[in-house]
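Welcome! Open the structure in your viewer, keep the selection tool at hand, and follow along stop by stop.

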Amino acid sequence: MSAAEALLELQRIDTGADQLRHRREHLDERDRLVEATAQVTKWESTRQALLARIAENAEIVERAEAEGQRIDAETARLNAQMRTVIAPREAEALQHELETLATKRAESDEQGLVALTEQGDAEAELVGHLSAEESIREAARSADERLQIAEAAIEAELDELERRRSDTRALLADGLLARYDRIRSKIGVAAARLTGSRCEGCHLDLSAAEVDEVRRAGDDEFPDCPQCGRMLVR
Ligand SMILES: [Zn+2]
């Protein structure tokens, strides 16, 4: 392989590796995994919210029951007292208290009933929600697996390019490689072919005198393109 061929081959390999690395950074598989993971997180927070709603309403039901029992005991106590009362004003006051208690009891029962219904609704919703768990977790697992496969395929290609890269660099002189690396670090593509009077790196035409100068250069000399500074290969 001539120095010119080796230089262009090295450039092709480096460009190919740049593209692979770019592809690795922008894999659709990674976006899919991010989406699938977000679904799992959302699923988990909905489950937490449902469990909290169930617990909250169960507590209201329990409180309403305890309150009902307390009211019943108080009512029984007042009823017993009523049987011993003789003065009409006292009886009237007791009667009023009993009515107040009955109203409270009805309110407490109503609250308990509303909470019980709400708890039942949340429990039914939770059953449906839990049934989706496996498919959501499986989607995240398989998205993760697909990303790993895609990354491994790119890694394998990069390894292969790295092998070819060192073989190709071994064919080129140190000074030439240093210049190539310097230009590449600045503008990405360091070597470009001169086709007619056009630099394939910047797609600009060189003057006749500039083309002449490139043509007169030795076989392992690669003058800079006067427009873009790339190493011109003829
Ligand atoms: Zn150029």
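Start by selecting residues 88-131, which make up helix H3. H3 has 44 residues and reaches 64 Å from its first C-alpha to its last, close to the 64 Å expected at 1.5 Å a residue; the expected span is 1.5 Å times one less than the number of residues. Helices (H or I, at least four residues) and strands (E, at least two) are DSSP runs, numbered from the N terminus.

A word on what you are viewing: this is a predicted model, where local features need pLDDT of at least 70, side-chain atom pairs count only at pLDDT 80 or more, and totals for chains, interfaces and linings use all residues. Residues are numbered from 1 along each chain as its sequence is written, and side-chain values use heavy atoms, leaving out hydrogens and water.

Stay on H3 and show side chains: the buried residues include Leu94, Leu101, Gly112 and Leu126. Buried means under 20% relative accessible area, exposed over 50%, and partly exposed in between (1.4 Å probe, protein chains only).

Next, select Asp14 in helix H1 (residues 3-25). Is Asp14 buried or exposed? It is buried, with a relative accessible area of 2%. Leaving aside residues up to four places away in sequence, Asp14 touches Arg165, Tyr180 and Arg184, where contact means heavy atoms within 4.5 Å.

Zoom out and colour domain 1 (22-169) and domain 2 (174-233); these bounds come from an automatic or database domain assignment. Their C-alpha centres lie 67 Å apart.

Now go to the zinc ion. Which protein donors does it have? They are the SG atoms of Cys199, Cys202, Cys225 and Cys228, 2.2 to 2.4 Å from the ion. Donors are N, O and S atoms within 2.8 Å of the metal (3.2 Å for Na, K and Ca); water is not among the atoms, so sites may look incomplete. Cys202 lies in the loop between strand E2 (198-199) and helix H6 (208-216), and Cys228 in the loop between H6 and strand E3 (231-233), so the pair ties together parts 26 residues apart in sequence.

Finish with strand E1 (residues 191-195), which pairs with E3 in the parallel sense over three bridges. Two strands pair if DSSP finds at least two bridges between them.
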